[in-house]
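Please report on how the two ligands are held in this model. Keep it short and give the cut-offs.

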Amino acid sequence: RPMIRLSGVGKTYADGTVAVHELDLEVRRGELLCLVGPSGCGKSTTLKMINRLIEPTTGRIEIDGQDVTRQNPVELRRGIGYVIQQVGLFPHQKVLTNVMTVPLLYGESRSVARDRARELMEMVGLDPATYADRYPHQLSGGEQQRVGVARALAADPPVLLMDEPFGAVDPVVRVRLQDEFLHLQQDLGKTVVLVTHDIDEAVRMGDRVAVFATGGRLAQHATPADLLGQ
Ligand code: ADP
Ligand code: ADP
C-alpha cells in the first residue's frame, strides 16, 4: 500500500477560498514526489493537511494505511519531518542545541540527544567541530537550511514534507543542496513530498511530479521523463 494516500481531499478556507479541490494522490514508500505549480494553487495547503496543521474540509488522508484524523497529532508529527523555507531555528540556541531539541523532546537523555545531533550535522554536511557552537545568524542561508533538514530528521521520521526548502539560497548553492539531499534521501529511504514552484527543481528531484493548476486541481501526475516527453 502507498505511504501516503489522499482521497477526494478538499480545502475551502473560512473566507470561501477554495484552495484544494477533490484531490486524489498517492505517494509510494521511498518515493520523492514533487508538487509543482504556480503560486496560490494549493501546494502548501496540501502539505499542511498531511501533517494536520490544517484540517481538510472534505476527503480522507491516510499515512501507512491509517486515517490521520484517528491519530494523536503529536504522534503523527513525530513520524513526519517538516522543512519550510523560513527554517525557524531557535535564534538564541546554538546549532547543536537546535538539533538536539527534538530527541530531548521525545525523552532521550542529553548524551544520546547530543550524539544523535552530531551525527545528523555530519549527515547534512556541517562539521560539528566548526558549526556546533555557532548561532543561527552566524550561518549562511544554505547552512541554515541544512540545520533545518537535520532537525527534521532528528526523530527519524519515515516521511518528510518539504515546502520550498531550497528557495532561499542562491542558485549555485541550491543545486548543490538538491544533489546532496537526493543522495541523503536515497540512503535513508524516506518517503518525501517536496513542494516547489520551480519545474526544473521538480523534474530534477522527483521520482514523480504532481502538477497543480490554479484552483487546487491536479493537472498531471507523471514521471519527469513522461512530463518532458510530451
Ligand atoms: P501554494 O502553496 O500553491 O502557493 P497555498 O496552499 O498557500 O498555495 O494557497 C492556496 C490558496 O489558498 C491561495 O489562493 C491562498 O491565497 C489561499 N489561502 C492560503 N491560506 C489561506 C488562509 N489561511 N485563509 C484564506 N485563504 C488562504
Ligand atoms: P552565502 O553565500 O550563503 O550568503 P555567507 O556569505 O553568508 O554565505 O557566509 C559564508 C560563510 O561565512 C559561511 O560558511 C558562514 O558559515 C560564514 N559566516 C557567515 N556569517 C558569519 C558570522 N556572523 N560568524 C561566523 N561565520 C559566519
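The report below covers the model, then each ligand in turn.

## Model and conventions

This is a predicted model; local features need pLDDT of at least 70, side-chain atom pairs count only at pLDDT 80 or more, and totals for chains, interfaces and linings use all residues. Residues are numbered from 1 along each chain as its sequence is written, chains are lettered from A and ligands numbered from 1 in the order in which they are written, and side-chain values use heavy atoms, with hydrogens and water left out.

The protein averages a pLDDT of 93, and 100% of the residues score at least 70. pLDDT is the predictor's confidence in each residue, from 0 to 100. For the complex, the predictor gives an ipTM of 0.74 and a pTM of 0.87.

Ligand 1 sits in the second largest pocket. A pocket is an open set of points on a 1 Å grid over the protein atoms alone, where a 1.4 Å probe fits, with protein on both sides within 12 Å along at least five of seven lines. To sit there, more than half of a molecule's atoms must lie within 2 Å of the grid points.

The shell (residues with a heavy atom within 4 Å) includes Y13, D15, T17 and the run from P38 to T45. It divides into four nonpolar, six polar and two charged residues. Helix α1 (residues 43-50) gives the most, with three residues. Helices here are DSSP runs (H or I) of at least four residues.

## Ligand 1: polar contacts

A polar contact is a pair of N or O atoms within 3.5 Å. T45 places a polar side-chain atom 2.5 Å from a ligand 1 oxygen. The backbone of C41 has a polar atom 3.1 Å from an oxygen of ligand 1. Y13 uses a polar side-chain atom, 3.5 Å from a ligand 1 nitrogen. Taken alone, ligand 1 exposes 560 Å², and the protein buries 61% of that (Shrake-Rupley method, 1.4 Å probe).

## Ligand 2

Around ligand 2 are Y131, R134, Q138, S140, G141 and E143. One is nonpolar, three are polar and two are charged.

The R134 side chain has an N or O atom 2.6 Å from a ligand 2 oxygen. For the S140 side chain, the distance to an oxygen of ligand 2 is 3.4 Å. Q138 contributes a backbone N or O atom, 3.4 Å from a ligand 2 nitrogen. Ligand 2 alone exposes 560 Å², of which the protein buries 42%.

Notes
A polar contact is a pair of N or O atoms within 3.5 Å; within protein, one must be able to donate a hydrogen and the other to accept it, and residues adjacent in sequence count only if both atoms are side-chain atoms. On a 1 Å grid over the protein atoms alone, a cavity is a set of points where a 1.4 Å probe fits but cannot get out, and a pocket is an open set with protein on both sides within 12 Å along at least five of seven lines; lining residues have an atom within 4 Å of a point. Helices (H or I, at least four residues) and strands (E, at least two) are DSSP runs, numbered from the N terminus. Ala, Val, Leu, Ile, Met, Phe, Trp, Tyr, Cys and Pro count as nonpolar, Asp, Glu, Lys and Arg as charged, and the others, Gly among them, as polar.
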